[in-house]
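Dear colleague,

I am passing on the structure we discussed, and I would be grateful if you could look through it alongside the notes below.

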Amino acid sequence: MIPGEPDLSPSWAAACYGPGVDIGLVIFPTDRGIQPGERAREAEARGFRSLWFPEHSHIPVSRRTPWGGREGAPPLPEEYWRTHDQFLALAACAAVTTTIKLATGITLVAQRDPLWLAKEVATLDHLSGGRAMLGIGFGWNHEEMEHHGVDIARRRKVVREKILACKALWTEEEASFDGEYVRFEASWAWPKPVQFPHPPIVVGASPTDLHFRHICEYGDAWMPIEGRWPIAAEWRRLQQFATDQGRDPSTLRLGVFGPKATSEHLAQLRDDGASFVALGLPPLDRDAALATMDRYAPLIAEFNT
């Protein structure tokens, strides 16, 4: 942790995520689908609690890395190379909404300059009145990362330093950092985030001991993709892991990307400890996205109360 950084208390975490399971949406913001501002207005009007945008800077046409880094994966969908810039799209959403949380799901931190990333996150939080959530990941597309000059084998170490550097910029009057991958002298950086000490950092990653160490050191929540791991069992393991690492497990929250959109399943996730979920929307068809939001309406009425 950064020297002098305030500890995250259970009450702070509860204020960010609420006592139950908050239902949000995740969708690629593309040039061919419903546009970010309209999407955010429609989602907020229907009672969704959060809106999550993924990102990719570009997709190299070689397609050497299979989708998600998983051998045998189907072809990569078109939305991956048509997505808008994540923070610009969320800023457009902030301008036309007042309550919905605006989240990155996820930001490819290894590919981003930490000084600019800290500025973008703080600006989004400032302009939205404290509604930003920073979802982060380590990345799966090797050729995309290589184009950004990222050493694939060291990307987790790079992400760690960049996030710790961002925390320094968000929380210190004069921030400096002297790491292996990130270095800058004492500097002023404003605006500071509205949320104290900073927006929630939500780590989207597989349930490995290495990733759990990252979550316990600098994360506020773990948000896996449903269907790839036994989430309830791994969430219990993360809580014990946190205790063993000296982190109060009550300061961590569980979110789930893309869960099955049924009342029974969401109730089970809530009982298993999930605080928030992001249901998927079709990315390339405006009418289909709106219709899907409407189909989720009974879940909003049941869970977002």
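This is a predicted model: local features need pLDDT of at least 70, side-chain atom pairs count only at pLDDT 80 or more; totals for chains, interfaces and linings use all residues.

Residues are numbered from 1 along each chain as its sequence is written, and side-chain values use heavy atoms, with hydrogens and water left out.

Thr 107 is found in strand 3 (residues 101-108), strands being DSSP runs of E of at least two residues and helices runs of H or I of at least four, numbered from the N terminus. Thr 107 is buried, at a relative accessible area of 0%, where buried means under 20%, exposed over 50% and partly exposed in between, with a 1.4 Å probe and protein chains only.

In helix 9 (residues 263-272), Leu 266, Ala 267 and Leu 269 are buried; because they cover an arc of only 160° around the axis, they lie on the same side of helix 9, the arc being that of the directions from the helix axis to the C-beta atoms. The face turned away from that buried side carries the exposed residues Glu 264 and Asp 271. Helix 9 is followed by Gly 273, which has a positive phi, near 120°.

As for the lining of the largest pocket, strand 3 and helix 6 (155-171) each supply at least two residues, and the largest share, 3 residues, comes from strand 3.

With best wishes
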